[in-house]
Amino acid sequence: MRIENDIKLGFKDVMIRPKRSTLKSRSEVNLEREFKFLHSPYSWSGIPIMAANMDTVGTFEMAKALSEKKLFTAIHKHYSINDWNIFSSTISEETASNIAVSTGIGKQDYEKLSNIFKFNPYIKFICIDVANGYSEYFADFVKRTRELYPNKVIIAGNVVTGEMVEELLLSGADIVKVGIGPGSVCTTRVKTGVGYPQLSAIIECADAAHGLGGQIISDGGCTIPGDIAKAFGAGADFVMLGGMLAGHDESGGEMIEKQGKPFRKFYGMSSSTAMEKHVGGVAEYRASEGKTVEVPYKGSVENTLQDILGGLRSTCTYVGASRLKELTKRTTFIRVNEQENRIYNL
């Protein structure tokens with residue numbers, strides 16, 4: 001046993017210090033980025049905000065809506081082959097370039113991935129997703145997937161430390177997903193005591209990834225647009241959102257009514273709700289590591305996207321970053337004990 005004495009930080013522990021800016025308007029800020037990848041020959045351009053691969057967020061409907069704004073969606077892994085084929089017949093090439101096929105790491109996942117790409121060879125991204133990315137088997141799965149799909153862009157995670165980011169990149173991943181326990185419907189930290197404050201995880205993992213020519217996704221922990229700005233400021237190349245995109249028309253999730261008001265169900269993919277829905281229940285050797293909540297119905301996701309992108313542009317004007325790419329170079333974090341005046345939140 002050992003103890004690391006330096007304090008690790010989450011989004012609530014810091015604010016971004018403003019700096020002199022020559023920008024006259026938020027409209028001058030360019031949020032689009034272009035990425036080339038460590039292994040794949042493809043490149044991608046767009047606004048690097050992603051819908052999480054949860055079945056109440058990463059839906060086909062969400063993918064269409066986000067792609068119109070040049071944002072990305074990791075489609076959840078529970079759609080059938082037939083669902084994929086129907087969806088594929090209705091989308092443009094631009095939408096196809098802004099989605100990833102998600103997969104687990106079982107033998108049946110290999111087969112399903114192969115069948116999806118058989119009918120959809122133009123889709124460029126694979127998201128290999130597990131809660132714990134620290135096993136040797138996971139790294140081996142990434143390596144085998146790279147051998148099978150040498151040209152695809154491979155996203156792999158989740159991890160929170162630099163050495164494992166390097167391991168996954170060297171195993172064949174192009175982008176590593178970073179985050180253990182920060183999600184709004186994740187209970188991993190409560191059930192296991194394992195985790196890593198998200199801001200510090202981004203800083204450490206971005207440094208490791210960029211040293212090898214890879215990228216990272218900050219996955220989890222964002223509850224307001226300012227958190228997204230902090231994630232980019234800390235060095236994240238992409239930011240993945242779950243709860244912030246839940247509750248919309250495009251999100252999926254059962255619609256319910258309480259006291260005359262509409263809500264949508266939102267749950268973690270390791271929750272008992274998800275496991276009962278997709279695998280028949282919680283296996284006897286494990287515990288649920290997610291919760292189920294009811295999110296107030298928010299209507300179309302378009303309004304939420306405007307709020308997020310407007311906030312991010314505003315951040316850039318406060319620090320003088322004319323492009324999102326410049327934000328991390330222009331960011332100085334200050335440690336704080338408070339974030340906002342909450343007198344009217346009582």
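Q259 is found in the loop between β12 and β13, where strands, as runs of E of at least two residues, and helices, as runs of H or I of at least four, are taken from DSSP and numbered from the N terminus. The phi of Q259 is near 50°, a positive value in a residue other than glycine, and Q259 is exposed, with a relative accessible area of 83%; here exposed denotes over 50% relative accessible area, buried under 20%, and partly exposed the range in between, for a 1.4 Å probe and protein chains only. The model is predicted, so that local features require pLDDT of at least 70 and side-chain atom pairs count only at pLDDT 80 or more, whereas totals for chains, interfaces and linings use all residues. Residues are numbered from 1 along each chain as its sequence is written, and side-chain values use heavy atoms, with hydrogens and water left out.

Strand β13 (residues 261-267) is joined to the antiparallel β14 by 5 bridges, and Y267 stands opposite T292 in β14.

Strand β4 (residues 49-51) pairs with β11 in the parallel sense over 3 bridges, and the bridge partner of A51 in β11 is L241. Strand β10 (residues 215-219) likewise runs parallel to β11 and is joined to it by 3 bridges, with V239 of β11 as the bridge partner of S218. Together with helix α9 (residues 225-233), β10 and β11 make a right-handed β-α-β unit, in the sense that, with the strands pointing away from the viewer, the path from the first strand over the helix to the second runs clockwise.

Helix α8 (residues 198-212) comprises 15 residues and reaches 21 Å from its first C-alpha to its last, close to the 21 Å expected at 1.5 Å a residue, the expected span being 1.5 Å times one less than the number of residues. Among the buried residues of α8 are L199, I202, C205 and A209, and just after this helix G213 takes a positive phi of about 90°.

In UniProt, the feature "binding site" is placed at G181 and G183 by an unreviewed entry; such annotations may be inferred rather than shown by experiment, and their positions follow the numbering used here, with feature names shortened. G181 lies in the loop between β9 (175-178) and α7 (188-192) and is buried, with a relative accessible area of 13%. G183, also found in the loop between β9 and α7, is partly exposed at 25%. With contact defined as heavy atoms within 4.5 Å, and not counting residues up to four places away in sequence, G181 touches C186, T188 and R189, while G183, under the corresponding exclusion of residues up to four places away, touches G220 and G221.

Key: Two strands pair if DSSP finds at least two bridges between them.
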